[in-house]
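Welcome, and please open your viewer. We will go from stop to stop, with something to select at each one.

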Amino acid sequence: MATTLHLRSESKPLEHRSALTPTTTKALLDAGYKVNVERSPVRIFDDEEFEKVGATLVPEGSWIDAPTDHIIVGLKELPEDKFALKHTHVQFAHCYKSQGGWEEVLSRFPQGGGTLLDLEFLTDEQGRRVAAFGYHAGYAGAALAIEAWAWQLHHPEAKTMPGVSSYPNQDALVANVKARMQEGEAITKRKPTVLVIGALGRCGRGAVDLCKQAGIPDENILKWDMAETAKGGPFDEIVESDIFVNCIYLSEEIPPFVNEKSLKQDKRKLSVICDVSCDTTNPHNPVPVYTENSTFSRPTLPVVGYDNPPLCVISIDHLPSLLPREASEAFSQALLPSLLSLNDRTNSKVWQQAQNLFSNKVGTLPESMRSTFQKMADSMPAMPGLSSKS
């Protein structure tokens, strides 16, 4: 029997990306999968693009009532709700790193007998992520940071920059950033200085590339990575830059990159922090100057107590949706080889590791929140390669 994938419509506001594209959907269909695609009013790809390659269009939100053996594919987290989840879900869930509310999010899966195969933690044999939006996250984050720098110069009393929406393509985004930067230069008589931490990773490379394409000279772009941050923060170089773009992947507690004392220095030029990593509710967030996410409708959040210049934070947790078509195509193509092995996932190392991680994380929940999972585990033989200690 063919394995059925069910692509759900995203529910997060202004989330236009898609885990599957018409191109990768056709590849899955050609490989013998059945693909159901929910009609979506927000997806960057038209419903007809999927229908044209052979996918079956189904109503928006119908994943809830899909047969339990259908695999639900999405990107961002599900809407907050209480009902238990019975399916296998492939998505970003943001509940494996002690984020706020993680227990409530994760517990829905074992309570319904479902499984979470989290896209953030799919890794190859070298431990590298098989697919990530990092490059476009850094690219979009740097773009908004430059826009915010220019906006604040012209509107120093404003609480937030006006809302933004996605761009049809990369060229349109770059043209807009160049125009905004010229407006800022009209006041400062110079281009901004930008410090990127995590510059050697995919996310950091995206941020650096945007800065260069926008016309910022290389000497104005400080490219930092592990070598530069090894001594531990806070770092004066951040405070002395106009823009700070944080692109690290946080895996353990580290000293903060900035804190109240460093930001209170008279030499501060810093006016925009773009925390692409967006570990907002992580207790080890190295940018501990904000407590909530910003959004595309409210892109910047003021950091209270800082004037001359004012200081704001961009903490949007789905930045690649600013370039939804390019970001979706790149991500889905990288994910495709793994998706093609979903029909035999007990023999696929990528999916076995994801299953193991889910089991381990569920094991950290209070017993009352994982009762259904525990009953199933006690009554079923162990999956090959599955160990709570792996």
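**First stop: a buried serine**

Select Ser107, which lies in helix α3 (residues 102-112); helices here are DSSP runs of H or I with at least four residues, strands are runs of E with at least two, and both are numbered from the N terminus. Before going on, note that this is a predicted model, in which local features need pLDDT of at least 70, side-chain atom pairs count only at pLDDT 80 or more, and totals for chains, interfaces and linings use all residues. Residues are numbered from 1 along each chain as its sequence is written, and side-chain values use heavy atoms, with hydrogens and water left out.

Is Ser107 buried or exposed? Ser107 has a relative accessible area of 4%, so it is buried (buried is under 20% relative accessible area, exposed over 50%, partly exposed in between, with a 1.4 Å probe and protein chains only). Now show Leu365 and Met369: Ser107 touches both, not counting residues up to four places away in sequence. Contact means heavy atoms within 4.5 Å.

**Second stop: helix α5**

Next, select α5 (170-188). The 19 residues of α5 should span 27 Å at 1.5 Å a residue, and its end C-alpha atoms are 27 Å apart, which agrees; the expected span is 1.5 Å times one less than the number of residues.

Colour the buried residues of α5: Leu173, Val174, Val177, Met181, Gly184 and Glu185. They cover an arc of only 105° around the axis, so they sit on the same side of α5; the arc is that of the directions from the helix axis to the C-beta atoms. An α-helix has 3.6 residues a turn, so residues three or four places apart point the same way. Turn to the other side of α5 to find Asp171 and Gln182 exposed. What covers the buried residues of α5 includes α4 and α6.

At the start of α5, a side-chain oxygen of Asn169 comes to within 3.2 Å of the backbone nitrogen of Asp171. Just after α5, Lys189 has a positive phi of about 65°.

Now show the strands in the order β8-β7-β9-β10-β12-β11: they form an open sheet of 6 strands with mixed pairing. Strands pair if DSSP finds at least two bridges between them. The edge strands, β8 (221-224) and β11 (301-302), each pair on one side only.

Zoom in on β10. It runs parallel to β9, joined by 4 bridges, and parallel to β12, joined by 3 bridges. Ile273 in β10 stands opposite Phe244 and also opposite Val313 in β12. Which way do the side chains of β10 point? Val272 and Cys274 point one way, Ile273 and Asp275 the other, and all are buried.

**Last stop: the nonpolar core**

Finally, select Leu144, Ile146 and Val245, which have the most contacts inside the largest nonpolar core, a set of 42 residues. Such a core consists of buried Ala, Val, Leu, Ile, Met, Phe, Trp, Tyr and Cys residues joined through side-chain atoms within 4.5 Å. Its largest share, 11 residues, comes from α4. Leaving aside neighbours within four places in sequence, the contacts of Ile146 include Val177, Met181 and Leu210.

Key:
A polar contact is a pair of N or O atoms within 3.5 Å; within protein, one must be able to donate a hydrogen and the other to accept it, and residues adjacent in sequence count only if both atoms are side-chain atoms.
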